[in-house]
Amino acid sequence: MIRSLSRAFAALTALVGLSAATPAQANTLTICAYDPAGKSGDFFRLLGDYALEAGSWGATIEMKAYTDEETAAKDFEAGQCDGVVATGVRLQRFNNYPSTMEAIGALPTYSSIRSMVKSVSKYDGIRKGMSKGTVETVGIIPAGAVYLFVRDREIDTVAELAGKRVATMDYDKAAPYMVNKVGGIVVPADLGSIGPKFNNGDVDICYMSAVGYGPFELHRGLGAGGGVIKAPLAQATFQVLIHKDKFPADFGAKSHAYWAANFDKALSAVRKADAQIPAGKWIDIPPDRLAEWDALFQDVRVELKGKGAYNGTMLNLMKKTRCYQDKARAECADNRE
Amino acid sequence: MLSHAQTPCRPSHVTSTRIAGIGAALLLSGCASKIDKLTVNRVVARALTVPDVDQSCEIGVSLRSPLAAATKEEKPARKALLISEATAAMCDEVAAWSHELDRARALSSATGLPPQLRAIQAKDAGYAADRSHQRAAARYDRAWKHGLVSFGDIGEGDCPKLKSHDEFAYFITLVSGTQSVLHDSNSGRTLDIPQERLLKVVRGAECLRGDPDDDGTVDGKKWFYFPEAVQAAAWATIPGSGPEGVDPWDVLEEVGAKGEGTGVRVARGLQVTIAANAGREDIVAEAIVRHAAALDAHEQSASHALLDRYAFLLSLHQSDLMWIAEEGYRTPAFGELPGAASAPAEGDDPFGGDGGGDPFGGGGDDDPFGGDPGAEPTDVPPSDPFPAGDGPDSPAQEP
């Protein structure tokens, strides 16, 4: 009885809604959204809330789940979706300005990436570079700090990377460059093989955000003697990229404001993942050694800027952010970035 | 390998319990192993023959506390309890599905709600679904943990030695392990159930594969190909977790088809669920059609009708979500896909013969609506992001 009454009420509500809504009906825009865990993933849930909010900005959005980000990116390129959500490195080919936010060592803390996301939202000038041609990046979502996982926790200096086998993602230009630079051995891998290669001992080192620690059972590769270097290699991000002519004119500004306001909500999923790594597995790097790592990261960034992989303007913005937060950093006195 | 204690029972009250009924027996016997056996061999065996998920889940809800009270706290009837928790979780699962349909209806363009109402209704239904998923996850989690105590650390080391009446409890433990992770994810990870549990289930499922019919094939036929299906489901969900060169979607299709012949289509239901989660709508649509065809082609198992009904509900839910998204209402007839009815049936088009040419002349080249120019991003460098006064030297403050 109660159920039939509620159904009747729902039907009535729907009818009322329908009559009010008909004139305002807009075309539904599709965003191909990558989350490795699909519809039940943490990030896909966040995107569901975002899509609802976007309704009030004049865009009716449907999120379509993808568990393969290259397929999502290709479907976006082919015009099958009006927008795409994927990691910054995957979307680098569309515009290297936002993807450079994932540059090696550029944002060493969650505080620094939060500051950047808020700056993008706040300043038109910073946001301007998010548009390139017909596409625009309208959201930067933190996906977690990327850490080096080492099978031998004695490897905690730059010099000790020499001769070590490092699994690097096949679509990532920066990490192989860095590994070669320090005399390491690049072992190409993809998301499907990086975990098994590390766990089976085919490589000595891999890099990943903590989100992958549980699902890839990286504790097996760490064993008793391994660890996770507590100096983020980079900040992984999910980025929302759209065909801007399909969306309302001010969509980008509103969307960036949304993600800035919801930064900590997104970060909470990341922090949960970080917390899954047992305390004893973290390898703390003392400040003097951290300076070595920082110097290496900076060299790699500057060299990759020269090769066109990183965007110089974005590198400069991130340097300003780092130095704003920590004026004592050695790099604050130079003009390399 | 079995870690549960096989303590001898005191003289039992079995005779009187038979008279007084199963429920009283559970309360009075006071012996964990006896209650476990009675639950699996009698209560479960009978319940499995009735294809009524609502009824079984309510029994699970009702029996949990009496079962817990029937034994000493430190020696509970774990197998009975795990089955009770798992079946109770199905009530929450059904409730979560209902809320998910409400959410889909609010979001459906067919429903045509204005943006604000759409968002409010979708959020409310979403939060309601989260709560149901959370409770389902908690119950499945308790079931999984009872299973771990009963059978050891599943997925690590050797398989437990399973007596015939243990196998069903072990099977339900694996189902519970999988479901606890999936429902926790769907609730927004409110319980933080470790996702690597899925891989423990994958390894644990190997213990249900065998060759009971001595036909030389080691497989999960006895368990309706669930072991293979749950393994492939995890491989499809966690990149790199499966054997090299094996496409998990191919495995899911293969065991989905094989499982149909058993009259318990759990492998097919799982295939539909996992494909929907991964956004593989092509696979979902095909598998639903095949599931529906199998209902006609193969009789439902009499001994495990409940499991087959549950599998049907898994597929029906995804079908309902598709229908509501497109049409605003749930599946009119299982196996029909939205949009399919409006497409002309083969042979209905009198002009669609050789070459499919337009009988009124048009060649196709002058189609004014063809040839979308596409949208290649141009290679325009980003403009200077530092116009005067935009404050590049002062990034936003920390909140």
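Let's start with chain B: of its 399 residues, 48% count as buried, where buried means under 20% relative accessible area, exposed over 50% and partly exposed in between, with a 1.4 Å probe and protein chains only. This is a predicted model, so local features need pLDDT of at least 70 and side-chain atom pairs pLDDT 80 or more, while totals for chains, interfaces and linings use all residues. Residues are numbered from 1 along each chain as its sequence is written, chains are lettered from A and ligands numbered from 1 in written order, and side-chain values use heavy atoms, without hydrogens and water.

Next, the layout of chain B. It has 13 helices and zero strands. Helices (H or I, at least four residues) and strands (E, at least two) are DSSP runs, numbered from the N terminus. Now contacts, meaning heavy atoms within 4.5 Å. Take those in chain B with a separation of 6 or more: 67% come from residues 24 or more positions apart.

One helix pair in chain B. Helix α4(B), residues 53-69, packs on helix α5(B), residues 78-107, at about 135 degrees, axes 7 Å apart. Axes are lines fitted to C-alpha atoms, for helices over the stretch in contact, and angles run from 0 to 180 degrees between N-to-C directions. So α4(B) is oblique to α5(B). The cut-offs: under 35 degrees is roughly parallel, over 145 roughly antiparallel, 65 to 115 roughly perpendicular, the rest oblique. The crossing is left-handed: the near helix is turned anticlockwise from the far one by less than a right angle, and clockwise would be right-handed. Among the residues that meet are L63(B) and L67(B) from α4(B), and A88(B) and C91(B) from α5(B).

Over to chain A, for another helix pair. Helix α5(A), residues 110-122, and helix α13(A), residues 312-325, have axes that come within 10 Å and cross at roughly 125 degrees. That makes this pair oblique as well. Here the crossing is right-handed. S111(A), S112(A), S115(A) and M116(A) meet M314(A), L317(A), M318(A), T321(A) and Q325(A).

Last, a strand. Strand β5(A), residues 135-150, runs antiparallel to β8(A), joined by five bridges. Strands pair if DSSP finds at least two bridges between them. One facing pair is V150(A) opposite I205(A).
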